[in-house]
Amino acid sequence: MPNWGGGAKCGACEKTVYHAEEIQCNGRSFHKTCFLCMACRKALDSTTVAAHESEIYCKTCYGRKYGPKGVGFGQGAGCLSTDTGDHLGLNLQQGSPKPARPSTPTNPSKFAKKVVDVDKCPRCGKSVYAAEKIMGGGKPWHKTCFRCAICGKSLESTNVTDKDGELYCKVCYAKNFGPKGIGFGGLTQVEKKECE
């Protein structure tokens with residue numbers, strides 16, 4: 001039968017899908033209202049859909065039907081899933097169960113090692129965590145410690161300079177480590193004579 005002036009056919013209801021209401025998945029078109037999980041009928045979107053050939057599922061039902069089975073493959077850490085999906089009409093193939101993972105970690109000091117390896121702030125010596133970390137001079141700093149070592153001015157990436165592991169604003173760096181002499185912002189000849 002010819003397709004007179006309409007859009008593509010919906011993969012669920014086989015009616016015409018017009019452009020304004022179209023959702024595409026695996027090369028097929030669906031109405032927004034027909035874009036539902038084939039097992040639990042939950043509404044889907046681009047982040048929750050899992051397609052298998054011509055069927056669409058939510059990620060939970062897809063995992064129940066096509067995901068790995070056995071001990072250690074439940075929904076969450078350390079869980080044994082006994083849900084067979086029968087109440088959703090899912091016919092799951094029962095294969096040989098997978099061997100369980102050992103309950104004790106292979107490296108018991110793994111967590112302790114992560115806590116010990118936290119970066120230290122060069123200014124205050126305390127731990128610097130990701131939420132408060134600013135990099136400067138190749139080292140991690142607290143936001144509150146990211147200040148000029150001489151004048152205490154708060155620094156940003158546009159006005160920071162480093163020397164020997166310490167941070168300075170550009171003005172203090174130029175005064176203390178920049179070139180000296182006439183025309184370089186240092187002491188003039190008259191000022192030098194007065195100091196002697």
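Trainee: Is Asp-119 buried, partly exposed or exposed?

Mentor: This is a predicted model, and the class follows from computed accessibility. Asp-119 has a relative accessibility of 32%, so it counts as partly exposed. The limits that matter here are under 20% for buried and over 50% for exposed.

Trainee: With which residue does the side chain of Asp-119 meet in a salt bridge?

Mentor: As a general idea, side chains of opposite charge can pair when their charged atoms come close. In this case the partner of Asp-119 is Lys-133, at 3.0 Å from N to O. The two residues lie 14 apart and link distant parts of the chain: Asp-119 sits in the loop between helix 2 (110-116) and strand 7 (133-136), whereas Lys-133 belongs to strand 7 itself. Lys-133 is likewise assigned to the partly exposed class, because its relative accessibility is 34%.

Trainee: How many salt bridges does the count come to?

Mentor: The count is two. Arg-123 forms a salt bridge with Glu-166, with 2.2 Å between the closest N and O atoms. Here the separation is 43 residues, from the loop between helix 2 and strand 7 to strand 10 (residues 166-169). Arg-123 is partly exposed at 32%, and Glu-166 is partly exposed at 24%.

Trainee: Which residues touch the most other members of the largest nonpolar core?

Mentor: In soluble globular proteins, nonpolar side chains tend to be buried together. The largest nonpolar core in this model has 14 residues, and those touching the most other members are Phe-35, Cys-37, Leu-44 and Ile-56. Strand 6 (residues 55-58) contributes the most to this core, namely three residues. A second, separate core has 11 residues, among them Trp-141 and Phe-146.

Trainee: What is Cys-37 in contact with, leaving aside its neighbours within four places in sequence?

Mentor: The contacts of Cys-37 include Leu-44, Ile-56 and Tyr-57. Tyr-57 is found in strand 6 and has a relative accessible area of 3%, so it is buried. The side chain of Tyr-57 also makes a polar contact of 2.8 Å with that of Glu-55. Between Tyr-57 and Leu-44, 13 residues apart in sequence, the C-alpha to C-alpha distance is 8.0 Å.

Trainee: How many bridges join strand 3 to strand 4?

Mentor: Four bridges join strand 3 (residues 22-25) to strand 4 (residues 28-31), and the strands run antiparallel. Glu-22 stands opposite His-31 of strand 4. The two strands form a hairpin with two residues between them, and Asn-26 in the turn has a positive phi of about 55 degrees.

Conventions
Residues numbered from 1 in each chain as written. Predicted model: local features only at pLDDT ≥ 70, side-chain atom pairs only at ≥ 80, totals over all residues. Heavy atoms only, no water. Pairing = 2+ DSSP bridges. Core = buried A, V, L, I, M, F, W, Y, C linked by side-chain atoms within 4.5 Å. Buried < 20%, exposed > 50% of the residue type's maximum accessible area, 1.4 Å probe, protein only. Contact = heavy atoms within 4.5 Å. Polar contact = N/O pair within 3.5 Å; in protein donor to acceptor, adjacent residues only side chain to side chain. Salt bridge = Lys/Arg side-chain N within 4 Å of Asp/Glu carboxyl O.
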